[in-house]
Amino acid sequence: MDTKPLTAATIARSVWAVPSLARTADGRLDPQENAKIIRHIEQGGISTLLYGGNAIFYHLTLAEYRAALELISTSAADDTLVIPAIGPAYGTMLDQVEILRDFDFPTVMLLPQRDVVTSAGIASAVRQVAERLGKPIVLYLKYDGVVSVEDAESLANDGLISAIKYAVVRKDYTQDAYLSGLTAKVDNSLILSGLGDQPAIVHMRDFGLGGFTTGCGCIFPQMSTALLQAIQAKNWDEAEAIRERFLPLEQLRDSLGPISILHRATELAGIAQTGPIIPLLSEPAESVKEQIAAALKQMS
């Protein structure tokens, strides 16, 4: 596992894969199957792993949290950057920071929450977590305006933000006043497109973001890597052709649930046995699994 601090260069060197977390049939974390997922992603040219929503870090017990950190830190290659998530509740963050002290992750990502929060309150939590951890954190902006541009700028200027994962859904990704405000105040190279391969071209070409995260790229890592390379080379026609190849699975995730669809697609693609999906999420219906299998076949 790479433990060096994040920089604009390390952000841009790889797509950020956001994988599922495999479990045994009785619900325990499965080291062997998770190692298979990691190897598959790494062999596709991706060297940054972000364990957050797709891994359902929202609902881990504290005992599972320590076990998950041990698993992902020891399974990754020496040059793979691994970033776990914390939160979303403030008390959970503080307990998790105490566990994180026993590890050497270069940063952590704060899971997003829309209810029972204010912008100033989130900024205060970032400051306290960063101080306790002794490291800047990844700020995940999933909801429009949940953290003001002014608060994000202040956190970045104070060196408390290692990166920003920007994942606000828009009907038209070329029109985004919130993102425009952020890029006017925060170093664009530290902001990643956080909605997978679909808006990556627009976010990197039109807003100058430094990279993008991927869920479907955990199954097709070579495709995500090729997309990043095409964008960085400004080969827009090639990039668009690659982006369109992701549509069958991306559209299913958009309409039926990104986390559960990816969890089961990882297994149906033959990458690893991912096991049950833990509450508060649930298993896709059999008819949905058939749609997933069809999408995977179409993309192969």
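Reply: Start with strand S2, residues 48–51. Both of its faces are covered. Thr-48 and Leu-50 lie on one side, Leu-49 and Tyr-51 on the other, and all are buried. Buried means under 20% relative accessible area, with exposed over 50% and partly exposed in between (1.4 Å probe, protein chains only). In a regular strand, side chains alternate between the two faces of the sheet.

A word on the source. This is a predicted model, where local features need pLDDT of at least 70 and side-chain atom pairs count only at pLDDT 80 or more, while totals for chains, interfaces and linings use all residues. Residues are numbered from 1 along each chain as its sequence is written, and side-chain values use heavy atoms, leaving out hydrogens and water.

Now the neighbours of S2. Strands here are DSSP runs of E, at least two residues, and helices are runs of H or I, at least four, numbered from the N terminus. Two strands pair if DSSP finds at least two bridges between them. Strand S1 (residues 16–17) pairs with S2 in the parallel sense over two bridges. Ala-17 stands opposite Leu-49. S2 also pairs with strand S3 (residues 81–86), again in the parallel sense, over four bridges. There, Thr-48 has Leu-81 as its bridge partner.

These strands belong to a closed barrel of eight, running S1-S2-S3-S4-S5-S6-S7-S8 with parallel pairing. Helix H4 (residues 90–100) packs on the sheet and touches S3 and strand S4 (109–110). Contact means heavy atoms within 4.5 Å. The direction of H4 makes about 150° with that of S3. Such angles run from 0 to 180 degrees between N-to-C directions, and axes are lines fitted to C-alpha atoms, for helices over the stretch in contact.

Helix H5 lies across S3, S4, strand S5 (137–141) and strand S6 (161–166). H5 runs at about 160° to S5.

Ser-20 sits in the loop between S1 and helix H2 (31–43). Ser-20 is buried, with a relative accessible area of 2%.
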